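Hello,

Here is the structure I promised to pass on to you. Have a look at it first, and then read on for what turned up in it.

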Amino acid sequence: MNISLPRQKRARHRFVAGFLLLLILSMLSACGAQEAATSSNVAPASAKEKSTAVQSRAASNAAADSSEVRTISTIHGDIEIPAHPKRIVAEEYLGSLIALDVIPVGAPGLTIQNYYFKEALTDVADTGTYGKPSVENILALNPDLIIMGNGENYELLSKIAPTIVIPYGELKNVQEELTYFGKLLGKDTEAKAWLEQYDQRIAAAKKKVDAAIPADASFSIMEDGEKKIWVYGDNFGRGGQPIYQALGRKAPTPIADELMEKKWAEISLELLDTYAGDYIVLTSNRLKIEDLKSDPIWASLPAVQNNHVYIWPEERSWYYDPLAVLAQTEELTTWLADNASQ
């Protein structure tokens, strides 16, 4: 079936074809010379071999001609994407793809090193700095779909392949994210199955925490900035998704609404007591509980006095994809349960 290509796809094809034209031309002369030099040493193909080759090429062409596309609504309007993309560049949302057993051909170096799934990405190419993708690196991967979070270089990348931009925060939680990508990639069944297991494990974790920690205990999500502190809500990593979403815990009442709306705030050390809950989950690569207890400001907090502070490094707290959230929730659950038993 012949399908006329939309203007965007024709432009994209011209962009890629122009880039590859010189390479193809340079290869033709070399291939011709090699064939001339070796043809006298090669036995003629049999009729059966020729027939098999023709059939193989015909099948390949038929598959290409029957490739399906779907129209997806994005912040840049409706675009056509392959119904079953094979070469995905994932500038963001890498964890959701892996949860659906989809390994991209390229991703930023920072996400390739994700603590929770880096072993699954040993053959994935580095597309450049996180948040600032390299057009050259991505072009070399010949993708059929590009997935982004911030839209950097969108105009150029969208000429290489259909490009979907999903701004950070548009997908509010694990359920929304997995459901979205299940539909996008034609893996609704896999997404539903994964979420069923996720819900079971989260329910078990929540039950364990609820039995160990008072229902009215407040929680704060913080990150150490030496002379300043960042405080986070329920959708900005650092443990916010596990604590506030998965385990259903609450921020301190005076600042709860602010954090859930703004998602983060930068505060001075002098404001710590206002933002500190009964329990603190703190991201820091340098501090330990002994450091907090020796600091006059930190030491004045009940959470520090009661050893209700969990300190973990950036490599474990920054990520907020479904795989990370599940692992983080179970990690924090173990801490909370053990802490309560002491």
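Predicted model: local features only at pLDDT ≥ 70, side-chain atom pairs only at ≥ 80, totals over all residues.

E8 has a partner in strand E3 (residues 88-90), and the two pair in the parallel sense over three bridges. Within that pairing, valine 89 has isoleucine 146 of E8 as its bridge partner. E8 also pairs with strand E9 (residues 163-165), again in the parallel sense and over three bridges.

For contrast, turn to strands E1 (residues 69-74) and E2 (residues 77-82), which run antiparallel and are joined by six bridges. A hairpin of two residues leads from E1 to E2, and threonine 71 has glutamate 80 in E2 as its bridge partner.

Now for the wider view. The protein chain contains 16 helices and 14 strands. It has 342 residues, of which 44% count as buried. If you take the contacts between residues at least 6 apart in sequence, 61% of them join residues at least 24 apart. The chain exposes about 18500 Å², and carbon and sulfur atoms supply 53% of that area.

Among the helices, H7 (residues 174-184) is worth a visit. Its buried residues are Val174, Glu177, Leu178, Phe181, Gly182 and Leu184. Looking down the axis of H7, you will find these buried residues within an arc of 165 degrees, so they line one face of the helix. At the N-terminal end, asparagine 173 caps H7, with a side-chain oxygen 3.2 Å from the backbone nitrogen of glutamine 175. After H7 comes glycine 186, which has a positive phi, near 70 degrees.

Which residues is leucine 94 in contact with, leaving aside its neighbours within four places in sequence? They are Pro104, Ala107, Thr111, Phe117 and Leu121. Leucine 94 and asparagine 114 are 20 residues apart in sequence, and their C-alpha atoms are 9.4 Å apart in space.

Aspartate 224 sits in strand E10 (residues 219-224). This aspartate is buried, with a relative accessible area of 14%. Its side chain makes a polar contact of 3.0 Å with the side chain of serine 284. Beyond its neighbours within four places in sequence, aspartate 224 is in contact with several residues, among them Ile229, Trp230, Leu282 and Arg286.

Finally, the charged pairs. In general, side chains of opposite charge can pair when their charged atoms come close. How many salt bridges does the structure hold? There are nine, and here are some to look up:

- Arginine 316 and glutamate 331 form a salt bridge, with their closest N and O atoms 2.6 Å apart. Arginine 316 lies in helix H15 (residues 314-317) and glutamate 331 in helix H16 (residues 322-341), so the pair ties together parts that are 15 residues apart in sequence. Arginine 316 counts as buried at 18% relative accessibility, and glutamate 331 is buried with a relative accessible area of 18%.
- Lysine 263 and aspartate 234 form a salt bridge, with their closest N and O atoms 2.9 Å apart. This pair links distant parts of the chain, 29 residues apart: lysine 263 is in the loop between helix H10 (253-262) and strand E12 (264-268), and aspartate 234 is in the loop between strand E11 (228-232) and helix H9 (240-246). Lysine 263 is partly exposed, at 23% relative accessible area, whereas aspartate 234 is buried, at 17%.
- Lysine 187 and glutamate 190 form a salt bridge, with their closest N and O atoms 3.7 Å apart. Glutamate 190 is partly exposed, with a relative accessible area of 35%.
- Lys206, Asp210 and Arg249 are linked in a network of salt bridges.

Enjoy exploring!

Best wishes

Methods:
Residues numbered from 1 in each chain as written. Heavy atoms only, no water. Buried < 20%, exposed > 50% of the residue type's maximum accessible area, 1.4 Å probe, protein only. Helix = DSSP H or I, 4+ residues; strand = E, 2+ residues; numbered from the N terminus. Arc of directions from axis to C-beta. Polar contact = N/O pair within 3.5 Å; in protein donor to acceptor, adjacent residues only side chain to side chain. Salt bridge = Lys/Arg side-chain N within 4 Å of Asp/Glu carboxyl O. Contact = heavy atoms within 4.5 Å. Areas by Shrake-Rupley, 256 points an atom, 1.4 Å probe, with all protein chains shown as cover. Pairing = 2+ DSSP bridges.
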